[in-house]
Every structure is written in structure tokens, then in C-alpha cells.
Amino acid sequence: MRIGIFTSGGDAAGMNPALKAFVELTLEKGWEPFFVYNGLEGLIDGKIRKASYQDVAGILHKGGTIIKSSRSKRFYDYEYRKRAYDNLKKHDIEKIIVLGGDGSFRAMDVFFEEFGVSFAGIPVTIDNDIYGTDYCLGVDTALNVIRMLLDNIRDTASSFGRAFVVETMGRECGYLALVSSITSGAEICVIPELDVDFVSLKRRLSKELASGRGYVLAVVAEGSNKTQQVADFLKNDLGMETRITTLGHVQRGGNPTVFDRLMAYKFIEFALENLRENIHHMVGFKDEKFYLLPIKDVVSHKYKINDFLLKLGRRMTR
Ligand SMILES: Nc1ncnc2c1ncn2[C@@H]1O[C@H](COP(=O)(O)OP(=O)(O)OP(=O)(O)O)[C@@H](O)[C@H]1O
Ligand SMILES: O=P(O)(O)OC[C@H]1O[C@](O)(CO)[C@@H](O)[C@@H]1O
């Protein structure tokens with residue numbers, strides 16, 4: 001059997017370990033692994049090549065994706081999806097594994113409906129915002145990168161007695177900011193999922209500053225659109241010298257953590273075990289178990305951060 005794999009949407013650490021696992025496990029099964037380079041764009045342009053052990057040697061520790069990723073305007077048009085299908089047929093590729101976010105799964109579901117190409121989607125995004133899975137590959141590495149950066153910022157914040165507002169990525173989802181706030185001991189956490197009570201915040205932090213607090217760390221999710229507002233609050237309401245740090249794309253890079261490397265293998269193994277005829281599902285990880293969820297269910301629901309984490313985060317919003 002010939003199986004293709006591609007990476008799509010925002011890259012995340014864990015993609016390379018997953019590609020390595022894919023090639024090794026596919027060959028072990030006596031199947032033929034193919035790389036589709038450059039995501040959906042490469043599928044349209046026929047950038048498809050048989051993969052070998054050599055291709056995946058020495059990539060386990062690398063962030064990003066050695067086969068490149070893309071977002072594709074053309075894939076929204078039937079004409080280009082047909083071209084993509086013809087490319088797969090040319091190589092006799094029967095099934096696909098896609099490493100990406102729910103946008104990429106949606107794209108492949110449309111493709112499945114039109115051409116019957118079976119596929120398994122593995123959730124890979126630093127945003128950890130996909131319905132049906134507690135964990136998306138790459139989020140652990142991103143959280144560790146953010147942790148390191150927040151520790152560094154704390155060093156300078158405490159040295160100067162300043163307030164820092166640190167903006168994380170995550171699109172509309174506050175997961176990265178929330179978990180980072182909790183695990184870095186931030187004083188303020190602002191995410192789209194929680195309301196902020198600036199009056200209570202002022203009361204609490206004024207008291208803390210009066211009794212010796214030397215600096216303030218606020219972590220703000222990009223999706224809340226409140227970075228400037230929080231900075232203005234710290235400056236005007238608390239009278240603190242304030243700086244904003246937007247972490248940006250540094251959060252997407254870095255070598256994958258042990259956890260992401262291990263999970264990459266587990267996701268791929270489960271996907272290959274279940275890559276049967278007519279599969280058009282995502283491999284989810286819930287309650288410590290892997291399972292399959294139809295893409296229709298994935299894309300018709302919104303991911304919700306679990307209540308326990310939200311409860312911990314709420315203490316930093318007031
Ligand atoms: N309904 C659709 N029909 C055809 N193609 C689609 C559709 N939805 C998404 N796509 C394709 O999937 C690509 C990837 O989607 P998107 O940019 O949302 O990234 P993602 O996979 O969700 O990853 P991330 O959000 O982490 O960057 C889009 O650029 C587009 O080419
Ligand atoms: O790389 P781009 O196109 O600037 O996209 C950035 C977006 O991608 C992500 O890094 C991953 O979805 C988001 O957190 C962020 O909003």
C-alpha cells in the first residue's frame with residue numbers, strides 16, 4: 001500500500017518526529033511512504049516523492065517541518081483539488097495522513113467527499129484549539145519555549161521593578177496564555193475565555209505592591225485583543241513603568257520536547273493501525289487514550305478549555 005503524508009497550516013514542533021515515525025513504521029509494515037512537500041500547495045503542484053530512511057535521519061530534534069507547510073487559497077477551488085487528486089493517482093497513493101489544524105482537516109474532508117481519498121488527521125498546532133482532543137502535537141514544546149521566555153522576562157522585570165505585559169499566540173484560544181500564566185506564576189492572565197475585572201485587579205495588586213511586591217507579570221492571549229488595555233491599566237491605574245513584549249513566532253520554533261517526540265510516535269502508530277478504507281477521521285487524545293473522531297464532528301464544534309484550568313486562571317483575572 002502507498003501512503004502519503006503532508007504538513008499543513010502553522011508548523012509546530014513534533015512534525016519532524018511524526019514524519020520520522022511515519023517513514024519507519026510504514027516501511028516496517030511493508031508499505032510505501034510518500035512525502036507531499038509544501039502542504040496543500042504541493043499536493044496541487046504534484047510535489048510528491050517516495051520517502052526513505054535517509055530522508056528522516058537526524059531530524060528528530062528539529063523544530064518546524066522538513067517537508068514544509070503552506071496555507072492554500074487555490075485548494076478552495078474544485079479545479080485545483082481535482083489537480084491534487086490526479087497527482088495522487090499518478091503515484092497510486094491510496095491513503096493520506098495530514099499533520100495540521102482543523103482547517104487542514106476540513107480541506108481534506110471536502111477532498112474525501114469529492115474523490116474518496118481516505119485520510120487520518122493528526123492534530124498538530126501550538127494553539128491546542130481543536131475540538132475532540134485534549135492535546136495537539138507541538139503545544140508542549142511551545143509551552144516550554146514560553147516558560148523559558150517568561151522566566152527571562154521575570155529576571156529583568158524584578159531587576160527594574162517594572163510591569164510586563166507578555167502577549168502569546170493562540171488565535172482565538174487562550175490555552176497557551178492560560179497554562180503559561182499558571183505555570184509561570186503570573187499575576188494577571190487575560191484570555192478570551194475569561195472576563196477580567198480591572199476594579200478587583202487594582203484592589204488586589206495595589207495591596208500587594210504596598211506590601212512589597214516588586215514587579216508584575218501579565219500574560220495576555222493575542223485573541224483577547226487586550227494587550228494595550230492591560231498595559232494602560234498597569235501604567236495609569238497602578239502607576240507602574242510598563243513594557244509590552246509580543247512573543248510572536250519564537251513560540252513556533254525550538255526543538256521538540258521529549259513529550260512531543262513520544263506523542264508523535266504514538267499518534268502516528270495509532271493512525272497507521274487505523275488507516276482503513278473510508279476513514280476520514282481525526283486521531284484524538286482524550287482521557288489518556290487515542291481514538292477516532294469523524295472530521296464532521298471536529299469541525300462543527302468549538303474547543304473548550306477544561307474547567308479545572310479555567311478555575312486556576314480565574315484567580316488571575318481579578
Ligand atoms: N472548506 C475548505 N475547503 C477547501 N480548503 C480548505 C477549507 N478550509 C480550509 N482549507 C485549506 O486548509 C488550509 C489550512 O487551513 P488553516 O489555514 O485554517 O490552518 P490549520 O490547518 O487550521 O492550522 P493552523 O490554524 O494551526 O495554522 C487553508 O489554507 C486552505 O487551503
Ligand atoms: O504564521 P502566521 O501566518 O503569521 O500565523 C500566525 C498564527 O498561527 C499560529 O501560530 C498557529 O495557528 C497562531 O497562534 C497565530 O495566530
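**Cysteines and a hairpin**

Modeller: C189 counts as buried because its relative accessibility is 0%, and buried means under 20% relative accessible area, with exposed over 50% and partly exposed in between (1.4 Å probe, protein chains only). This is a predicted model, in which local features need pLDDT of at least 70, side-chain atom pairs count only at pLDDT 80 or more, and totals for chains, interfaces and linings use all residues. Residues are numbered from 1 along each chain as its sequence is written, and side-chain values use heavy atoms, with hydrogens and water left out.

Colleague: Why does C173 count as buried?

Modeller: Its relative accessibility is 8%, so C173 is buried.

Colleague: What makes β10 mostly covered?

Modeller: Six of the seven residues in strand β10 (residues 280-286) are buried. Strands (E, at least two residues) are DSSP runs, numbered from the N terminus.

Colleague: How do you know that β10 and β11 pair?

Modeller: Two strands pair if DSSP finds at least two bridges between them. β10 and β11 (residues 289-294) have six, in the antiparallel sense, and H281 stands opposite P294 in β11. The two strands form a hairpin with two residues between them, and D287 in the turn has a positive phi of about 50°.

Colleague: In which sense do β5 and β10 pair?

Modeller: Strand β5 (residues 118-123) pairs with β10 in the parallel sense, over three bridges. F119 has H280 of β10 as its bridge partner.

Terms used:
Chains are lettered from A and ligands numbered from 1 in the order in which they are written. Helices (H or I, at least four residues) and strands (E, at least two) are DSSP runs, numbered from the N terminus.
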